[in-house]
Amino acid sequence: MLYRTAGQFKTSYNADQALFPVKQDAFLLGIILILAWVVFPMTASEFTFQTLLIPILIYALAAMGLNILTGFAGQLSLGTGAFMGVGAYACYKMVTLFPWMNPIVAILLSGVFSAGIGVAFGIPSLRIKGFYLAIATLAAQFFLVWLFEKWSWLYNYNASGAIQVPNLEMFGVFVSGPQAASVTEYYIVLFVVSLLTMLCINLTRGNLGRTWKATRDMDIAAELIGINLMKSKLTAFAVSSYVVGVAGALYVFMWKGAAEPNVFDIPLSFQVLFIAIIGGLGSVMGNYLGAILIVGLPVVLNVVAGTQVFEMSTGSAILLAALIAAATFLFGVARNLWGMAAAIGFGAVTLIYGYAQLQGFRIESALIEHINVMIVGALIIFFLIIEPHGLNQLWRLIREKLIIWPFPH
Amino acid sequence: MLNDIFIAPFVDMVEAPDFLMQVLWEGLVSGILYALIALGFVLIFRSSRIFNFAQGIMVVFAALTLVGLFAMGVPAWISVGLTLGVMFVLAVLIERVVLRPLVGQPDIILFMATIGITLFLIGFGETIFGGENKVMITEELGIPTGDTVLEPFGGLLILQHLDITVVIVATLLVLALLAFLNYTQMGRAIRALGDDHQAALSVGISLQTIWVLVWFIAGIIALVTGIAWGARAGVSFALEVIAYKALPVLMLGGLESITGAIVGGLMIGILEKLFEIYWGQPLLGGNTETWFAFVLALIVLLFRPQGLFGERIIERV
């Protein structure tokens with residue numbers, strides 16, 4: 001009903017392999033783009049920019065980079081955080097050495113450095129496979145973070161050992177640093193992320209993407225049909241590290257504003273890995289869904305836990321109720337009982353919590369943080385159990401069922 | 001420069017043999033703990049192909065539970081017993097709630113699930129016991145704390161009694177584990193499962209029981225390491241990082257090999273201390289212990305992709 005494909009005929013192979021074979025997909029993307037480019041920037045508050053919109057885009061980009069390596073080329077990497085760091089430090093050195101440089105160009109160029117280092121650490125992948133390679137990428141993770149700490153040239157010998165983002169101007173507007181407005185930063189992040197997303201979609205659909213997938217599915221078989229494994233694996237490392245490096249530069253320049261070496265430590269790598277896996281390995285859209293869940297969920301939980309549930313503004317109450325209803329409906333369409341139960345359960349727990357608040361029940365904010373970590377961990381396990389192939393697969397199922405909804409077959 | 005790298009460190013070693021022995025001793029102490037943690041990894045990996053990232057947090061969780069129970073007024077040795085009980089319940093829950101629904105999924109999904117367990121346990125531990133640093137109940141457990149000073153070659157060698165205890169207990173535990181794996185029915189079942197899942201199932205070995213068992217063994221190991229490490233550095237979530245140290249040990253020794261875990265652990269413990277003292281601090285500004293083991297393992301892996309003692313990887317199309 002909602003996703004009728006009746007009457008949309010394909011008369012050529014090209015039409016069948018188009019990016020959007022179904023009209024509604026293109027329509028949906030159009031709505032999302034309008035939301036992202038027009039509606040959000042006009043309506044969002046400072047808080048929304050800094051805790052939701054900007055970080056979700058940056059994390060989605062980093063996860064996309066990792067996904068190219070792990071999801072498309074099948075090389076598990078645990079060193080994402082360090083490669084983000086390489087991008088950030090490269091960008092910092094460039095804008096401080098060449099202050100006349102256009103910030104966007106500097107951000108896009110900084111990926112080149114992380115790509116080079118990524119290729120260097122990718123060379124062992126020609127011999128080492130599977131979990132052995134995963135631990136080998138940890139060598140990159142720990143070594144690079146150690147290097148950020150010890151090599152003082154990288155942070156211009158300042159006493160704190162951290163990099164501080166200077167005020168950067170472009171066409172007379174501050175785009176980065178303490179004086180930049182959140183909207184400007186958001187637009188720059190959105191521009192870069194959109195650009196690289198288009199690049200990634202096209203790369204993964206093209207010749208290079210197909211050699212990656214063949215390498216992932218079975219590298220010996222891929223070699224037998226004439227794929228140059230070295231080229232395939234190293235290009236995957238290069239493209240992946242490039243995207244991750246740009247994400248790292250955005251992370252520091254457009255969001256954090258300053259960074260110490262330990263920011264790029266292993267928790268960051270894992271957070272990005274979570275997003276890629278929860279979103280769905282081997283997909284582009286999944287990274288966005290995963291980032292929305294992993295970055296957005298703690299914020300939502302915090303807001304819900306921190307406010308008086310029954311004294312919420314009508315707008316937020318409607319938004320929360322609508323979100324729960326939509327999640328229940330979509331899980332219901334996909335015949336996913338656990339998902340439905342979880343969505344309804346979340347609503348019920350919120351109401352009970354609100355009632356308890358009326359009775360004078362309070363949780364300390366430190367405790368909320370701890371419980372939050374616990375819930376995020378439980379949710380990761382939960383999502384892995386209900387759909388091990390990630391949110392992207394879940395959406396694909398929902399979309400298939402929506403085509404015939406409300407009929408079961 | 002070449003002198004600094006190739007000659008000076010060895011001259012130092014020969015000139016001060018007592019200091020060298022001190023370094024070797026400290027390397028041995030941490031090496032045996034790395035070996036112990038790596039053993040927990042290997043057992044779980046062999047029997048379920050799960051790369052258990054939660055091992056580190058299990059160390060912290062076990063130590064926190066022990067200290068927390070003691071703080072509630074439970075006598076020291078009874079809290080040890082209760083903590084073991086908690087670790088057993090944890091093993092059962094993990095098998096029931098997490099592993100059983102995920103059976104047969106790709107390796108990376110199971111790996112991710114163990115990271116989910118890690119996050120959950122961090123949150124859970126902080127919620128119940130609080131996030132602040134705690135002191136391990138060393139004296140109450142009857143662990144000696146003084147030190148013995150030896151004077152070999154007219155020099156000075158300080159052996160902490162705590163370290164001696166750790167080495168003895170860890171060695172005993174490793175030996176007990178080896179005996180368990182080689183001479184008991186359960187232990188043989190674990191090894192059979194590691195060799196061939198389907199063959200093991202067909203002779204009536206229960207997968208679920210074995211999984212609970214290996215996670216419980218990993219829990220016991222976590223408690224011992226937690227006490228040993230907690231006594232030196234205090235109990236906090238920073239302890240989690242020692243689990244990362246067990247990863248290069250696994251790489252070096254081979255993911256499936258029990259011998260590999262022990263040899264690899266001792267090698268890495270000793271070599272990283274030597275490198276830090278004689279090369280790291282004078283030449284590289286110190287703190288090289290964070291990455292040295294990984295780089296060493298990486299180099300070894302370039303020559304032997306399955307680690308020193310791992311099963312040979314044979315690939316067919």
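The contact between the chains takes 37 residues from chain B and 33 residues from chain A, two residues being in contact if their C-beta atoms, placed from the backbone, lie within 7 Å. Helix 5 (107–129), helix 10 (241–253) and helix 12 (292–303) of chain B each supply at least two residues of the side that touches chain A. Helices are DSSP runs (H or I, at least four residues), numbered from the N terminus. Helix 5 of chain B gives the most to this side, with 14 residues. By class, the side of chain B that touches chain A has 27 nonpolar, eight polar and two charged residues. Ala, Val, Leu, Ile, Met, Phe, Trp, Tyr, Cys and Pro count as nonpolar, Asp, Glu, Lys and Arg as charged, and the others, Gly among them, as polar.

The model is predicted; local features need pLDDT of at least 70, side-chain atom pairs count only at pLDDT 80 or more, and totals for chains, interfaces and linings use all residues. Residues are numbered from 1 along each chain as its sequence is written, and chains are lettered from A in the order in which they are written.

In chain B, the "transmembrane region" annotation of the unreviewed UniProt entry covers, among others, residues 77–99 and 164–184. Such annotations may be inferred rather than shown by experiment. Residues 77–99 of chain B are 100% helix, with end C-alpha atoms 32 Å apart. For residues 164–184 of chain B, the span is 95% helix and the end C-alpha atoms lie 29 Å apart.
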